[in-house]
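Please read this explanation alongside the sequence and the coordinates. It goes through a few local features one after another.

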Amino acid sequence: MVAWDPPPPDWLKLNTDGSAAGNPGTAGFRGLFRDSQGRSIIGFMRNGGHTTALAAELYAIRDGLNIAVSHHFHNVIAETDCQIAYLLFSGAPNMFHPCSTLLWVAGSFYR
């Protein structure tokens, strides 16, 4: 059983997921912003084309963070179930990684 932990008051939580049928294969990704009461604020879902599971996870995070920037959401906690995606976004920028272009958020390298 997996439990969702709400964010603190005045914060939003962004939960994302991406997958590919095959690696690479047909992919898709989605995300959902919820407030501290668990209410859905904004959700999104996209076709990822033909790509890897990691790229689909990164697309989900990137699109979610771009939505946060465009809606002026300042207090956001982003969650993913993909450890590699988390490490790529939270570590030092690596412009030589094959998925580095997916780490660009709202016109700048996310860090």
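The model is predicted. Aspartate 10 is located in the segment before β1. The phi angle of aspartate 10 is near 70 degrees, which is positive although the residue is not glycine. Proline 24 belongs to the loop between β1 and β2. Most residues other than glycine have a negative phi, and most peptide bonds are trans.

β1 (12–22) and β2 (25–34) each contribute at least two residues to the lining of the second largest pocket. This second largest pocket holds about 150 Å³ of space. Its lining consists of Val2, Ala3, Trp4, Asp5, Lys13, Asn15, Leu32, Arg34 and Glu79. By class, the lining has four nonpolar residues, one polar residue and four charged residues.

The helices come next. How do helix α1 and helix α2 pack, at what angle and with their axes how far apart? Helix α1 covers residues 53–70 and helix α2 covers residues 83–90; the angle between them is about 50 degrees, and their axes are 9 Å apart. α1 is therefore oblique to α2. The crossing of the two helices is right-handed.

Which residues of α1 meet α2? From α1 come Leu54, Glu57, Leu58, Ile61, Arg62 and Leu65, and they meet Ile84, Ala85, Leu88 and Phe89 of α2. The residues of this contact comprise eight nonpolar, no polar and two charged.

Leucine 54 is located in helix α1. With its neighbours within four places in sequence left aside, leucine 54 has contacts with Cys82, Ile84, Ala85, Leu88, His97 and Cys99. Among these partners, Ile84, Ala85 and Leu88 are also named in the meeting of α1 with α2. Leucine 54 can also be placed relative to leucine 14: the two are 40 residues apart in sequence, and their C-alpha atoms are 18 Å apart in space.

Conventions:
Residues are numbered from 1 along each chain as its sequence is written. This is a predicted model: local features need pLDDT of at least 70, side-chain atom pairs count only at pLDDT 80 or more; totals for chains, interfaces and linings use all residues. Side-chain values use heavy atoms; hydrogens and water are left out. Axes are lines fitted to C-alpha atoms, for helices over the stretch in contact, and angles run from 0 to 180 degrees between N-to-C directions. Helices (H or I, at least four residues) and strands (E, at least two) are DSSP runs, numbered from the N terminus. Angles under 35 degrees count as roughly parallel, over 145 as roughly antiparallel, 65 to 115 as roughly perpendicular and the rest as oblique. A crossing is left-handed if the near helix is turned anticlockwise from the far one by less than a right angle, and right-handed if clockwise. Contact means heavy atoms within 4.5 Å. Ala, Val, Leu, Ile, Met, Phe, Trp, Tyr, Cys and Pro count as nonpolar, Asp, Glu, Lys and Arg as charged, and the others, Gly among them, as polar. On a 1 Å grid over the protein atoms alone, a cavity is a set of points where a 1.4 Å probe fits but cannot get out, and a pocket is an open set with protein on both sides within 12 Å along at least five of seven lines; lining residues have an atom within 4 Å of a point. Grid points are joined across faces, edges and corners, and a volume is the space filled by probe spheres set on the points.
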